[in-house]
Amino acid sequence: MNAFLFTSESSSNGVRERDFTVDDVPGVLWSPASGADRAPLVLMGHGGGNHKKHPAMSGRAQRLVTGCGFHVAVLDAPGHGDRPRTAHDEAEIAELFRARAAGEPEGPIVVRYNDHLARLAVPEYRALLDALQELPEIGTGGPVGYWGINMGTAIGVPFVAAEPRITAAVFGQHWPQVLAGKARQITIPIEFDLQWDDEHISREEGLALFDAFASKEKSLHVNSGRHKELPRFEVDSAVRFFARHLGSAVASAA
């Protein structure tokens, strides 16, 4: 049994926001301020150096809640947000900044560090899903999605590979090293974002990760631009993707 505790609550513009801890890991759950029970759930993973309420997370949640009537939850990743950094975190971040200042490739450091964080975060996300499905407004057996780009992909790919309750996922912008093996275990529908001019992740690396997924239904979204220039309209596409896959599952179960 996971220790799950709501710690605060607020409501604005039709969205109910509840902070919580699950086994002392902080997170946030956004839900419709009013609506039917047993709505689908989307779990999200934030990017490196960010946190659970980063504008990218709250903005995506707002779209999913108000546009689709879904519940959305995010955890602070280890060493991020309200979670303290360990000596290992500090050492890896220092090495990343050193490489960046020296003009050296960041990829090997990010891949190694994100793999370490994912090994910690995957069981935390599985505990979160256990706890959320105990809530009457979510329940068990309903469709569940996952949405994570960058570090959110590094955590999400092994999480989705290990978690049969996830029924659709949006990933993107990460290296294939470490993740390709897990991607080959994933057969659910996915949408994948790739920046064609990414200065950190080569086109070949991005395409290799997309190609590794064993999903019969997978969509590659390629846009021109650098690593941090993913177009905002890809959020619109991801919301439609989840509405199509999670919403249709609700309708067919009714």
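**Close-up views of a predicted model**

**View A. A61 counts as buried, at 0% relative accessibility.** Buried denotes under 20% relative accessible area, exposed over 50%, and partly exposed the range in between (1.4 Å probe, protein chains only). A61 belongs to helix α1; helices (H or I, at least four residues) and strands (E, at least two) are DSSP runs, numbered from the N terminus. The model is predicted: local features require pLDDT of at least 70 and side-chain atom pairs pLDDT 80 or more, while totals for chains, interfaces and linings use all residues. Residues are numbered from 1 along each chain as its sequence is written, and side-chain values use heavy atoms, with hydrogens and water left out.

**View B. G14 and V65 are 51 residues apart in sequence, with their C-alpha atoms 8.4 Å apart in space.** G14 is located in the loop between β1 (4–12) and β2. With a relative accessibility of 42%, G14 counts as partly exposed.

**View C. A salt bridge joins D76 to K52, with 2.8 Å between the closest N and O atoms.** D76 sits in the loop between β5 (71–75) and α2, and K52 in the loop between β4 (41–45) and α1 (55–68), so the pair ties together parts that are 24 residues apart in sequence. Both D76 and K52 are buried. The structure holds 19 salt bridges, a salt bridge being a side-chain nitrogen of Lys or Arg within 4 Å of a carboxyl oxygen of Asp or Glu.

**View D. R165 and D130 meet through their side chains in a salt bridge with an N to O distance of 2.8 Å.** R165 is placed in the loop between α4 (151–162) and β7 (166–172), whereas D130 is part of helix α3, so this pair ties together parts that are 35 residues apart in sequence. R165 is partly exposed, with a relative accessible area of 25%, and D130 is likewise partly exposed, with a value of 34%. These two residues belong to a network of salt bridges that links R126, D130, E163 and R165.

**View E. The salt bridge between R226 and E199 has its closest N and O atoms 3.5 Å apart.** This pair links distant parts of the chain, 27 residues apart: R226 is in the loop between β9 (218–223) and α7 (233–253), and E199 is in the loop between β8 (190–195) and α6. R226 counts as partly exposed at 43% relative accessibility; E199 counts as partly exposed at 38%.

**View F. Helix α3 (residues 107–132) packs against helix α2 (residues 87–102) at an angle of about 160 degrees, with the axes 10 Å apart.** Axes are lines fitted to C-alpha atoms, for helices over the stretch in contact, and angles run from 0 to 180 degrees between N-to-C directions. Helices α2 and α3 are therefore roughly antiparallel to each other. Angles under 35 degrees count as roughly parallel, over 145 as roughly antiparallel, 65 to 115 as roughly perpendicular and the rest as oblique. The crossing of α2 and α3 is left-handed; that label applies if the near helix is turned anticlockwise from the far one by less than a right angle, and right-handed applies if clockwise.

**View G. Helices α3 and α4 pack with their axes 8 Å apart, at an angle of about 50 degrees.** The two helices α3 and α4 are therefore oblique to each other. Their crossing, in which α3 passes α4, is right-handed.

**View H. A nonpolar surface patch of about 220 Å² is formed by W196, L207 and V222.** Patches comprise residues with over 30% relative accessible area and no salt bridge, like charges being joined within 9 Å and nonpolar side chains (Val, Leu, Ile, Met, Phe, Trp, Tyr) within 5 Å. Accessible areas come from the Shrake-Rupley method with a 1.4 Å probe; for residues, only the protein chains shown count as cover. L207 is a residue of helix α6 (residues 203–212) and, at 32% relative accessibility, counts as partly exposed.

**View I. D23 has a phi near 50 degrees, a positive value in a residue other than glycine.** D23 occurs in the loop between β2 (15–22) and β3 (25–32). Its relative accessible area of 39% makes D23 partly exposed.

**View J. N150, which is not a glycine, has a positive phi of about 60 degrees.** N150 occurs in the loop between β6 (144–148) and α4. N150 is partly exposed, with a relative accessible area of 23%.
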